[in-house]
Amino acid sequence: MHRYAKLLLYGVLAFVVFVGISFTLGGRVNWVLAAATAAGVMIAYFFAAPRRER
């Protein structure tokens, strides 16, 4: 899978998981915190994922 597609997929997945857990536990969702969490996951994956050298 393309590197940036996987990066976006992980960000969306983190957003959905955070929203689901937040809504289940508290009944409300902090959308700003959910977006910040997704962005943090994407940034962390970008720097942590191994890159293939050409």
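Let me begin with a definition: a residue is called buried under 20% relative accessible area, exposed over 50%, and partly exposed in between, using a 1.4 Å probe and protein chains only. Val41, at 31% relative accessibility, therefore counts as partly exposed, and this residue lies in helix α2, residues 31–48, where a helix is a DSSP run (H or I) of at least four residues, numbered from the N terminus.

This is a predicted model, in which local features need pLDDT of at least 70 and side-chain atom pairs count only at pLDDT 80 or more, while totals for chains, interfaces and linings use all residues. Residues are numbered from 1 along each chain as its sequence is written, and side-chain values use heavy atoms, with hydrogens and water left out.

Now to the rings, which pair if their centres lie within 6.5 Å, and which count as stacked with planes under 30 degrees apart, edge-to-face over 60, and tilted for the rest; these are rings of Phe, Tyr and Trp, the last by its six-membered ring. By this rule there are three aromatic pairs. In one of them, Tyr10 and Tyr45 have ring centres 4.8 Å apart and planes at 80°, so the pair is edge-to-face. Tyr10 sits in helix α1 and Tyr45 in helix α2, 35 residues apart, so that pair links distant parts of the chain. Phe46 and Phe47 are also edge-to-face, because their centres are 5.1 Å apart and their planes stand at 85°. Phe46 is partly exposed at 26%, whereas Phe47 is exposed at 61%.

Terms used:
Helices (H or I, at least four residues) and strands (E, at least two) are DSSP runs, numbered from the N terminus.
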